[in-house]
Number of protein chains: 2
Amino acid sequence: MADQPTDLPTPYLAVDRDTLDRNIATMATLGRELGVFLRPHAKTHKCRQIALRQLEAGAVGLTVATVSEAEIFVAGGVADVFIAYPLWVDSARGARLCALAERSSLRVGVDSAEGARAMADNTSSRAGLEVLIEVDSGHHRTGVIPESAGEVALAAIDAGLNVRGVFTFPGHGYGPARAASASKDEAIALFRAAASLRSVGVDAAVVSGGSTPTAALTASTTLTEMRPGSYVFNDAQQLEMGSCDLAHVALTVAATVVSRAPGRVVLDAGSKVLGADRPAWMPDFGRLYDYPQARLSELSEHHATVSWPEFVPAPDLGAVVRVVPNHVCSAVNLADELVVEAGGTVVDRWRVVARGANH
Amino acid sequence: MADQPTDLPTPYLAVDRDTLDRNIATMATLGRELGVFLRPHAKTHKCRQIALRQLEAGAVGLTVATVSEAEIFVAGGVADVFIAYPLWVDSARGARLCALAERSSLRVGVDSAEGARAMADNTSSRAGLEVLIEVDSGHHRTGVIPESAGEVALAAIDAGLNVRGVFTFPGHGYGPARAASASKDEAIALFRAAASLRSVGVDAAVVSGGSTPTAALTASTTLTEMRPGSYVFNDAQQLEMGSCDLAHVALTVAATVVSRAPGRVVLDAGSKVLGADRPAWMPDFGRLYDYPQARLSELSEHHATVSWPEFVPAPDLGAVVRVVPNHVCSAVNLADELVVEAGGTVVDRWRVVARGANH
């Protein structure tokens, strides 16, 4: 990547278009090779142009996390959306789901009998609305235990919903050397959940899982569909886990050196631009793309404090450097637009159309 | 606070107007009693209505962190703004500063001779532009050592800038039982910095410091001006430090219970709404306003996973609860509006007009 291809005011989010397109193509190829549908999670990019590139490369539809994300992407022309979340559906949310189901293929997550009944009670015209039962594969967040999937499916069917299968998110695969065992957990949980559905006479046509670190591992064994998100951009977490290398990082934050002291360089990108994500297994708050030895050791709202090793020449005051955020989904959700670069120049700007669409 | 005063879709940010006004009045009174000007930091609320309330209560002006925040508040009628940041001023940023200085009293931070020269070189018509020299009082982020303040001030004056004094941010006062010693560091650093200016013949008319935890401590000894921010809302960090109690928390995030399992309740407010801030000294990712024994132990983008003690009845699926975010400045910067409540009903909605204005 070029050092400073624009004179835009920093900080801003820069996307390397060629790297992005390579990442999209690689995951699409993986899906085809494994015979698994690819339904990428759009919460990572929240951007219509990237969704359309994913669909064009062969994705069957999108995954989203919220009703408002679904509304924005359906309005933007996406015809097949899965809200991979156990929504609590009151009358207002039910009306929004019905409106969506009229315009697109719509799937929604369910992880309780009560949730299924609330959804059914508040969706009067739900032709086209399908549900998947969420199971907990070890992340211990949402989802029922796999053996209860059949029971929840029956309750959903009793309530009048159209159950199409099961899904999980193996979030416990995030961390160094965790992906392989989480992927095994995911495969077993989904296998048992599908069996639980069949044991009560419900078909599990859809078996959906996958995250960026586990995508290649689990997809080869169990899934009919995978839902990776971060792979389009990658980030410092994916680097730390070894699920990508620097050549696959398609998004960086351009930041200016505003202050220097011995052993220290301070940049104008803080947590309000990079996001404050730092799980216990991450050593720092991000990485510098061009300075692997520098450590982004402290982050405040408008400053990144970088510990600079004595033996590496530090950039001058006013220099622009590239920061790889820890968690790219968080950084994107803080931005109004992505500055798109190719060959070292700005070629486009894409609006983060679903920024803040978190309800 | 009422349990669910509205049928707005969760998650959303709710401000208790009476608590907000009490917090604003209390800090204004403290400033008056100590004989110190109050210049609250607007990065916390990014909201015109709250800025105007602070000014009406007696604040002399606002502090902001970025040029774009300054532009938005000056456009909104604020006549006196301090950008408490060592800006690197290129020609584009210089033009923006000149435009601001024409419309308002404008102060900007400087912490290097090079930064001062860049600012002077790129601000052709800078009548009304004043600078304060930033010193490091122990937070080790931006700022020169206090003994170098005079040298930087002389360089700034040589470059043609109007130096009015010194400032610091005692950020190392964040943490349990750290405020008193950080406040002492702050007082000593500012005293030495002002002396350093005087030793080279420069008056230090402005001695500016203060954060919410240290405001009352340092202001009584050294400052001419204090710049607390978080006090308008408070948050779980301020609770943890003991700089406020629950009755002073004016902002909470309304979230719906979407999933339950033994010992676990999952809410629909994640890091994209609450912010992911969790310094090492914070036990959790936020607090539940009405359930002090529950622990917000995990946070993902769209879920808060709450460890629920066996002996406390858990809220039902679909119930709306109030979350106190760890760092309110981050939560506000993720929202487009604040839902204003009084007496348990919604009385207004305020736009977070400077959301994302981080450049």
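Begin by selecting chain A of this predicted model, in which 11 helices and 17 strands can be picked out. The radius of gyration of chain A is 21 Å, close to the 21 Å that the globule rule gives for 359 residues, so chain A is as compact as a globular protein of that length. If you turn the view along the principal axes of chain A, its C-alpha trace spans about 70 × 40 × 35 Å.

Next, display chain B together with chain A. A rotation of 180°, with 0.0 Å of shift along its axis, superposes chain B on chain A with an RMSD of 0.0 Å, and that is the relation of a two-fold axis. To find where this axis runs, select B:Ala276, which of the residues of chain B comes closest to the rotation axis, its C-alpha lying at 2.6 Å. Then colour the interface residues: 98% of those of chain B are also interface residues in chain A, so the copies meet through the same surface.

Finally, stay with chain B and select helix α3 (residues 67-75) and helix α4 (residues 91-103), which pack at an angle of about 30° with their axes 11 Å apart. Because angles under 35 degrees count as roughly parallel, α3(B) is roughly parallel to α4(B), and α3(B) passes α4(B) in a left-handed crossing. Showing side chains here brings up the residues that make the contact, namely B:Val67, B:Ala70, B:Glu71 and B:Val74 from α3(B), and B:Arg93, B:Arg96, B:Leu97, B:Leu100 and B:Arg103 from α4(B). Coloured by type, the residues of this contact of α3(B) with α4(B) divide into five nonpolar and four charged, with no polar ones.

Note on methods
Residues numbered from 1 in each chain as written. Chains lettered and ligands numbered in written order. Predicted model: local features only at pLDDT ≥ 70, side-chain atom pairs only at ≥ 80, totals over all residues. Axes fitted to C-alpha atoms, helices over the stretch in contact; angles between N-to-C directions. Helix = DSSP H or I, 4+ residues; strand = E, 2+ residues; numbered from the N terminus. Parallel < 35°, antiparallel > 145°, perpendicular 65-115°, else oblique. Left-handed = near helix turned anticlockwise from the far one by under 90°. Contact = placed C-beta atoms within 7 Å. Nonpolar A, V, L, I, M, F, W, Y, C, P; charged D, E, K, R; others polar. Least-squares fit on C-alpha atoms with pLDDT ≥ 70 in both. Rg over C-alpha atoms; globule rule 2.2 N^0.38 Å.
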